[in-house]
Amino acid sequence: MTSAPPAEQERTGPGAPEASAAPGAPAGLGLAGKVAVVTGASRGVGRAVARRLCASGVQVLLDYAHSDEDARSAARSMAGLPGSVLPVRADVTRKEDLERLLSMAGERYGRLDIFVHAAADWHPMPAVGADPGGVKADVAAAVDPLLNGVPALAELMAPGPGRVVVISSIGARATVPRYVGLGVAKAALESLVRYLAVELADRAITVNAVSTSKIDKGGATASSPAARALAARTPAGRLTVPEDIADVVALLCTTEAGWIQGQVITADGGLSLLA
């Protein structure tokens, strides 16, 4: 891409009025001043992660692939938080876009402390008669950004500490109807987390995953009979919301989480504990 899209402008941060956190706002967790890239951050879980990090004083590059309006809306929702947010349009499944995104982090901030991979692709289909092209696209969206980006991430995070966190799902370990493409993709992603964790540990870079089951993203999500049944079955009494995942991601980015390496942390209110 040769020109910056309309949303690629800083909304908060140096030079902008900085509001202190409101009463009851999330704790900073010692993350203030750190630099993060969050992929797939204009909607859903990625957006919640970007907001949680920004609320903790992190300078966030908010990556998105498609909608400038969604990115602008996400950035507006974070105005006044202690950190800063810079929307950047980059399709991280394309190597050249990913390289541009990471180069921007290095040029603008001189380093990168946190990389959260929340972008995903999903082609609903059954396993019997699945479209191989759709499955391959789902897998590529899950693993290619890490495979292509890790060499640059290792350099940007040197000498450490660095945090890499990916978003997974229960579909990596259990069967979900019409979820085979994304289920296989998330299983591959969790395996890649373990391999990268071993190879990056001596660089003081941790690599972990956060997984959940059905997510209540608002709107009609929670009103379906299946969603209501899952909410009733969840020991905590409700479906997971994106903010639940964002809180766990933020915890994994702290100094205190430095000894958690190559793990899949499940945050689902206890739903996966039931057979």
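Beyond its neighbours within four places in sequence, Gly269 is in contact with Thr234, Pro235 and Ala236, contact meaning heavy atoms within 4.5 Å. The C-alpha atoms of Gly269 and Thr234 are separated by 6.2 Å, with the two residues 35 apart along the chain. Gly269 is partly exposed, at a relative accessible area of 38%; buried is under 20%, exposed over 50% and partly exposed in between (1.4 Å probe, protein chains only).

This is a predicted model, in which local features need pLDDT of at least 70 and side-chain atom pairs count only at pLDDT 80 or more, while totals for chains, interfaces and linings use all residues. Residues are numbered from 1 along each chain as its sequence is written, and side-chain values use heavy atoms, without hydrogens and water.

Gly269 lies in the segment after β7. Helices (H or I, at least four residues) and strands (E, at least two) are DSSP runs numbered from the N terminus. Seven strands form an open, parallel sheet in the order β3-β2-β1-β4-β5-β6-β7; two strands pair if DSSP finds at least two bridges between them. Because β3 and β7 stand at the edges with a single partner strand each, one side of each has no neighbour in the sheet. Neighbouring strands are turned by 20 degrees against each other on average, direction ignored.

β7 pairs with β6 in the parallel sense over three bridges, and Val264 in β7 is the bridge partner of Ala209.

Helix α1 (residues 44–55) lies across the strands below:

| Strand | Residues |
|---|---|
| β1 | residues 35–39 |
| β2 | residues 59–64 |
| β4 | residues 114–117 |
| β5 | residues 162–167 |

Helix α1 also lies across β3 and runs at about 170 degrees to β1; axes are lines fitted to C-alpha atoms, for helices over the stretch in contact, and angles run from 0 to 180 degrees between N-to-C directions.
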